Amino acid sequence: MAFDWLSRDIHLHVRLHPGGVLLALSYAVAFWAARNVSVDQLYLPAGLRVAALLLCPPRYWVYLIAGEYAFFALARYPLIPQYGLAWAVVASASLMPAVAGIVHTHRRWMASSNDTWLLSVALLAAIVVTALNQGLAYLLMPTQHVAVSWEGAARYAVGDYLGILLIAPLVVMWRRRRMAAESMRGWTLAAVVSLVVIGVNLMVLLRMDSTGLPGSHDPAAFTAQQILAATGTVLLLLGATTSHYYHRFRQNEWLGRRAIAMTRTTLVAGEQDRRERAWYLRNVGDDIDRSLQKIANTLTAKGQEGLALELQRLHAAQSGALRVQANLVYPVEIESAGLYVALRAGAIADAWAQTDRVLPAHLMGDPCDLGLDLQLAAFRSMADVVAVLLTAEKGSLRLRARTIQRGGQQGIVVIAGLLDPHRTLAPGTVELARQALGARALAYQGNVQCRGNRIRLVLRETRGCQAERHASAPRTPALPRSNVSFF
């Protein structure tokens with residue numbers, strides 16, 4: 001063919017997409033319609049230009065450029081004898097690419113939740129298009145220098161800016177339609193209010209005799225439009241900023257809830273693992289008991305009663321130590337009798353008593369109303385805080401706990417401190433306590449406070465949710481509900 005050399009020598013490959021051609025024609029018709037109902041001080045095609053670029057992906061921008069150029073080619077062809085071919089070609093082909101470049105530079109900003117980029121696009125597009133129109137008219141139409149003025153530039157810039165603010169916010173809201181309604185509330189309210197304010201400008205169209213022609217201007221309305229442009233800008237800025245920070249707040253809140261849920265899941269999984277280990281130690285202890293009992297019976301049958309008694313004595317001591325360690329791994333009394341029984345009769349109470357520094361715990365309330373997960377968290381927290389105080393501080397310790405119920409929540413308050421009221425916890429002790437208790441306080445909607453000579457921990461949960469969690473959690477075979485000296 002006649003133009004095969006273009007693709008062969010210059011590697012020019014042009015493929016026209018039917019949808020792109022239809023887009024170009026539709027845009028040209030819409031541009032023509034918008035221009036026919038516009039005036040210089042309220043130029044709707046400027047808003048249509050930005051809206052089209054925001055709606056269409058960049059691969060279709062070339063069709064938008066072609067559509068606008070096609071409209072200008074038809075509209076300005078009769079003006080070539082009066083204003084020259086250079087102005088008709090250059091001025092028609094430069095506006096849309098310039099605005100496309102502005103929108104493209106904002107694409108990374110547009111991906112964020114802060115929609116203040118719209119004001120930047122509107123302002124830059126209005127200034128750049130006005131500068132191109134006035135500059136090219138001054139350079140390419142020497143006979144029309146008198147038509148170029150600062151007043152005309154201001155009128156065109158304000159008209160383009162108002163046209164963009166009238167249409168572009170609708171496109172932005174359409175782009176954000178999948179966002180949660182709550183996060184769009186601030187932006188939508190300000191956008192609607194600003195659109196109502198700017199919509200007053202449409203009354204100017206109905207009151208002005210000349211539309212769509214250079215010089216269509218109403219000085220009295222132009223003053224009001226400048227005020228409305230400033231008002232609409234402030235409202236849009238307020239709405240976009242409010243929506244941005246509200247979205248960030250919601251996102252941080254969601255991340256916080258997710259972190260709490262993951263922390264709580266980790267703690268529950270850890271307790272489940274400890275329970276399985278305690279069950280395994282129980283089986284090992286039972287096997288050892290049966291084996292040693294068989295050996296003792298065999299020795300007795302052979303007349304070696306003294307050796308059998310010595311074996312039983314050693315076995316009782318070692319088996320007791322194994323039971324204590326198993327109970328420290330997982331306090332089985334919590335499942336049957338509750339937290340307070342585990343603290344008073346479990347292995348942890350014996351361990352504290354052997355230090356001669358921990359007074360008997362003062363416990364108030366009924367912990368059996370609390371969920372098992374919360375009771376285990378409180379048990380581990382008490383063990384950790386006592387361990388921290390025993391390691392980092394001197395003197396006797398006092399441990400207190402009481403259950404609480406408030407509204408739809410229930411929980412427990414744990415207070416551990418030094419017996420001497422005149423002493424103060426060291427900064428290192430405070431830091432260790434916060435590190436040891438912080439995860440459980442976060443997981444169970446609580447807090448850790450270190451004041452004076454004591455550490456205060458609060459753990460909470462919602463009433464009624466603990467039963468559902470226990471029903472859905474995997475369980476190992478139940479451990480016997482007995483004293484710590486037996487498995």
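Which residue in S5 stands opposite Gln-409?

1. The model is predicted: local features need pLDDT of at least 70, side-chain atom pairs count only at pLDDT 80 or more, and totals for chains, interfaces and linings use all residues. Residues are numbered from 1 along each chain as its sequence is written, and side-chain values use heavy atoms, with hydrogens and water left out.

2. Gln-409 stands opposite Thr-462 in S5. Strand S3 (residues 409-418) and S5 run antiparallel and are joined by nine bridges. Helices (H or I, at least four residues) and strands (E, at least two) are DSSP runs, numbered from the N terminus; two strands pair if DSSP finds at least two bridges between them.

3. The open sheet has five strands in the order S1-S2-S3-S5-S4, and its pairing is mixed. Strand S1 (362-364) and strand S4 (447-451) are at the edges with a single partner strand each, so one side of each has no neighbour in the sheet. On average, neighbouring strands of this sheet are turned by 10 degrees against each other, direction ignored. Axes are lines fitted to C-alpha atoms, for helices over the stretch in contact, and angles run from 0 to 180 degrees between N-to-C directions.

4. S4 and strand S5 (residues 454-462) run antiparallel, joined by five bridges. Cys-450 stands opposite Ile-455 in S5. The hairpin of S4 and S5 has two residues between the strands, and Gly-452 takes a positive phi near 60 degrees there. Helix H18 (residues 427-443) lies across S4 and S5, at about 160 degrees to S4.

5. Helix H3 (residues 44-55) packs against helix H9 (residues 150-175) at about 25 degrees, with the axes 6 Å apart. H3 and H9 are therefore roughly parallel to each other (angles under 35 degrees count as roughly parallel, over 145 as roughly antiparallel, 65 to 115 as roughly perpendicular and the rest as oblique). The contact (heavy atoms within 4.5 Å) includes Leu-48 and Leu-55 of H3 and Ile-164 and Trp-174 of H9.

6. Five aromatic pairs are counted. Rings of Phe, Tyr and Trp (its six-membered ring) pair if their centres lie within 6.5 Å; planes under 30 degrees apart count as stacked, over 60 as edge-to-face and the rest as tilted. Phe-31 and Phe-72 have ring centres 5.6 Å apart and planes at 70 degrees, so the pair is edge-to-face. Phe-31 lies in helix H2 (residues 18-36) and Phe-72 in helix H4 (residues 61-76), so the pair ties together parts 41 residues apart in sequence.
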